[in-house]
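User: Can you walk me through this one? I have a few quick questions.

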Amino acid sequence: MSRQYKLVSCTINGKQVEKMVDVRASLTDMLRDDYRLTSVKRGCEVGECGACNVIIDGECFNSCIYLAVWAQGKEILTLEGLAGPDGGISDIQQAFIDEAAVQCGFCTPGFIMSAAAILEAKREFTDDEIRKRMSGNLCRCTGYENIFRAVKKTMLQRLGKEKEGIL
Amino acid sequence: MYDIKALYEAESVEHAVALLVEHPEAQIIAGGSDILVKMREGKCAGKELVSIYGLDEMRGVSFEADGAIRIGSLTSFSHITGDPIIQEHIRVLGEAVDMVGGPQIRNIGTIGGNTCNGVTSADSASTLFAWDAVVEITGPEGVRRIPIQDFYIRAGVVDLKPGELQTAILIPKKAYEGYQGHYMKYAMRNAMDIATTGCSVNVKLSEDKKVMEDVRIAYGVAGPVPMRASGTEAAVKGRTVSGENVKTFAGAVLEDIRPRDSFRASKEFRQHIAVVLAERALRESIRLAGGEVDE
């Protein structure tokens with residue numbers, strides 16, 4: 001069969017976009033190659049490491065095992081979409097820097113998108129709940145403790161509990 | 001890029017059946033967390049796919065007219081866990097599917113895919129077996145419903161004839177009313193791991209909470225497909241709630257199960273944990289049902 005393409009319209013980081021996409025493409029392929037959103041990392045590419053994690057209609061998905069054509073009509077958020085209007089980084093990204101939650105950095109965008117989903121829920125999670133919600137991402141450098149601190153600190157800060165945020 | 005020969009997107013269940021009839025070699029793709037991974041490994045490479053992921057009519061949990069709980073086959077694990085009907089009537093199913101993979105996998109993985117791939121380790125399967133689930137299959141000849149035990153034929157093979165797809169899983173009212181259950185998964189790590197053995201138990205107690213009117217138990221990875229341990233159930237059905245009967249129950253499972261050696265665990269280890277899980281899961285089910293186990 002000759003190459004098969006499909007027109008895919010969706011919202012990416014708040015912007016309505018549309019492109020012809022190869023039906024064999026994963027969402028990672030589409031976001032990186034067609035839209036140059038390179039925060040979406042190609043890691044294991046079998047849905048285990050979470051480096052390609054993006055938020056689709058409010059839920060986290062590993063974009064490597066998500067067909068690009070399924071993005072039709074969906075609202076997609078990648079790490080690039082967390083930047084403020086002036087291009088500055090968000091509080092959760094700053095917290096990752098402050099808590100030294102980044103070493104090689106390859107897993108970081110995926111972790112931050114899992115964290116973004118936690119923060120979007122706008123409620124306080126227990127330590128175990130945070131760990132469970134972050135458990136779909138693998139980091140081979142930091143040992144997770146600093147990542148956990150960064151997420152918890154930002155969650156508490158956003159809920160106006162700054163003092164408790166100092167761990 | 002995936003090595004997909006062609007992709008056909010279904011727009012309705014009817015359309016999906018037509019596409020499957022038209023393309024008999026095609027494989028159904030629901031959430032894709034099994035099929036796309038297999039494709040990466042080269043196992044399903046070069047296949048035609050019929051995507052049913054867009055069929056919202058196959059999503060959600062509702063009641064049938066006769067009181068049965070209907071779970072659309074495309075309902076994701078996280079939506080099952082969060083669903084109020086599941087939480088009230090068959091909470092253990094929500095807890096079981098909350099142990100699948102990790103958060104992202106639970107958002108894409110579907111209960112239909114979990115059962116249609118026919119693997120014994122599926123976290124939803126043992127609970128569905130233990131609650132007498134019925135599988136609804138839609139095909140060119142219409143709709144048919146079969147008990148989940150008949151749906152599994154052998155490892156990796158389920159009863160889907162050409163042109164058919166699974167459209168829902170039902171839990172009959174008499175199968176859930178008055179029951180409380182507990183699922184235990186034994187694996188090497190909490191997230192992103194496959195069960196070494198999984199055990200789902202549920203119990204219906206008498207009004208005074210002294211007698212186990214009914215007990216049901218099912219396992220994953222205790223044989224080539226998920227299985228009920230009926231001898232174990234018969235051993236304690238109608239007996240009083242007591243520590244001794246809980247031990248009798250757990251001891252009886254070895255007669256029913258057929259685990260084997262694999263790279264994950266030895267047969268002997270699986271037998272050992274099967275007994276321990278049965279006892280703990282029954283104790284917890286009794287507690288949830290309001291009973292108390294004397295020691």
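This is a predicted model: local features need pLDDT of at least 70, side-chain atom pairs count only at pLDDT 80 or more; totals for chains, interfaces and linings use all residues.

User: Strand β13 of chain B, residues 212–220: mostly covered or mostly open?

Analyst: Mostly covered. Seven of the nine residues in β13(B) are buried (20 or more other C-beta atoms within 10 Å of the residue's own, with C-beta atoms placed from the backbone). Strands here are DSSP E runs of at least two residues, numbered from the N terminus.

User: How many bridges join it to β12(B)?

Analyst: Eight, and the two strands run antiparallel. β12(B) covers residues 197–205. Pairing takes at least two DSSP bridges between two strands. B:Asn202 has B:Arg216 of β13(B) as its bridge partner.

User: What's in that hairpin?

Analyst: Six residues lie between β12(B) and β13(B), and B:Lys209 takes a positive phi near 65 degrees.

User: And β14(B), how many bridges there?

Analyst: Two, again antiparallel, to residues 227–228. B:Tyr219 stands opposite B:Met227. That hairpin has six residues between its strands, with B:Val221 at a positive phi near 60 degrees.

User: New topic. How many residues of chain A are in contact with chain B?

Analyst: 27, against 23 residues of chain B; contact means C-beta atoms, placed from the backbone, within 7 Å. Strand β4 of chain A (residues 59–62) gives the most to chain A's side, with four residues.

Definitions and conventions:
Residues are numbered from 1 along each chain as its sequence is written. Chains are lettered from A and ligands numbered from 1 in the order in which they are written. A residue is buried if 20 or more other C-beta atoms lie within 10 Å of its own, exposed if 12 or fewer, and partly exposed in between; C-beta atoms are placed from the backbone. Two residues are in contact if their C-beta atoms, placed from the backbone, lie within 7 Å.
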